[in-house]
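Hi everyone, thanks for coming. Today I'd like to walk you through the salt bridges in one protein model, so please take a look at it with me.

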Amino acid sequence: MSSFTSASSSSSSDSESPGPSGLAAYGWDGALEDAFSPHRAAGLVPARVAAVDRGLCDAVTASGPLRAATHAVSGPEGGPCTGDWAGLRLDGPDGRAAVAVLLPRRTAIVRSSASRDSRGQVLAANVDTVAVAVPLTARAAPGRIERLVALAFESGARPVVVLTKADQVPGTAEAEADAAAAAPGVDVVACSAATGEGVDAVRAVLAGTVALVGPSGAGKSTLGNALLGADLLATGEVRESDGKGRHTTVRRELLPLPGGGVLIDTPGLRGVGLVEASDGLERAFADVEELAAGCRFRDCAHQAEPGCAVLGAVADGTLPGRRLDSYRRLLRENEWAAARTDARLRAEQRDRVKAISRFQRQLYRERGRDR
């Protein structure tokens with residue numbers, strides 16, 4: 001039995017209730033009900049996508065979980081992803097339920113695709129809180145924290161930094177301070193899922209739909225099980241040689257949390273490329289942006305310009321030079337990604353124009369033969 005089925009069956013009293021009220025545990029609210037009204041009138045049933053496979057997905061409805069086909073869905077590019085709200089047609093092809101439409105996403109965690117083309121990959125949709133898991137057993141990587149926090153802010157969700165495996169280190173104060181410096185204004189909590197220490201503190205800063213993100217071996221699934229109160233997520237050993245773990249989570253999966261809210265566990269991220277994340281970078285580096293407002297020149301690049309407040313802050317130790325370097329690096333990456341996207345859109349527009357021209361030429365030829 002899958003963890004999705006097990007978790008769903010544990011809330012049978014809710015899922016068996018009539019209407020969409022059984023979806024309340026998964027985040028259904030009045031705004032979604034209003035948005036879904038025309039789809040209900042068309043005979044569709046509301047559902048939340050819990051996990052996605054090739055051509056199929058696990059979906060939870062007010063009547064319980066089911067498998068649905070995803071071949072004929074209309075909605076966001078790329079098809080459904082974990083966390084999407086959908087309209088199902090229960091009498092789909094071959095008697096199987098089918099996803100007919102996806103509701104607009106309130107938020108979406110998007111990174112550059114594995115192929116590094118200009119199209120982003122949606123990791124999870126309609127997420128309220130992104131829990132960035134950082135293992136205390138590995139060397140601190142503030143740049144990775146900054147990157148994931150920017151990704152979370154760009155999605156529209158609220159980031160939280162969770163320092164895991166606190167039981168395996170002598171203390172956490174220094175690591176918490178370093179994480180707070182890399183993520184100003186973001187909640188930072190240390191915990192040990194193995195002993196339970198700090199798990200309640202983590203639970204207190206999470207709200208709504210929570211996505212766990214971070215590298216393999218960060219303890220995401222172990223933390224997820226602690227939050228779920230049961231071993232529903234697969235966990236694996238971490239190599240002692242480099243502290244890295246195997247990808248025990250192979251797909252994104254959505255499960256209801258006992259105290260309210262929903263959890264999405266994600267596979268370990270080896271690389272996280274940004275895609276059009278200007279807003280996310282501004283919020284992740286709000287301290288740099290605030291300093292930049294005091295620069296003499298409005299278009300200051302913070303390189304060697306006179307009167308640069310950012311360079312002044314680096315010089316007097318107010319702003320770490322490493323943080324400015326990270327800011328510059330992520331800005332360059334984001335500008336490159338935006339340029340790639342613009343080039344792709346221009347190419348697609350040219351292809352559409354060419355296709356229309358070919359159609360018109362063919363139409364004129366056919367008309368000429370009919371005369």
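Let's go through a few charged pairs.

First, some housekeeping: this is a predicted model, where local features need pLDDT of at least 70, side-chain atom pairs count only at pLDDT 80 or more, and totals for chains, interfaces and linings use all residues. Residues are numbered from 1 along each chain as its sequence is written, and side-chain values use heavy atoms, with hydrogens and water left out.

Side chains of opposite charge can pair when their charged atoms come close. A salt bridge here is a side-chain nitrogen of Lys or Arg within 4 Å of a carboxyl oxygen of Asp or Glu. How many salt bridges does this rule give? The count is 12.

One of them joins arginine 105 to aspartate 84, at 2.8 Å from N to O. Arginine 105 sits in the loop between strands E5 (97-102) and E6 (108-112), and aspartate 84 in the loop between E3 (64-69) and E4 (85-89), so the pair ties together parts 21 residues apart in sequence. Helices (H or I, at least four residues) and strands (E, at least two) are DSSP runs, numbered from the N terminus.

Is aspartate 84 buried or exposed? Aspartate 84 is buried, at 0% relative accessibility; buried means under 20% relative accessible area, exposed over 50%, and partly exposed in between (1.4 Å probe, protein chains only).

Next, arginine 203 and aspartate 200 meet at 2.6 Å, N to O, in a salt bridge. Both lie in helix H6 (residues 199-205), three residues apart, about one turn of the helix. Aspartate 200 is exposed at 58%, while arginine 203 is partly exposed at 38%.

Finally, Glu146, Asp287, Arg322 and Arg323 are linked in a salt-bridge network.
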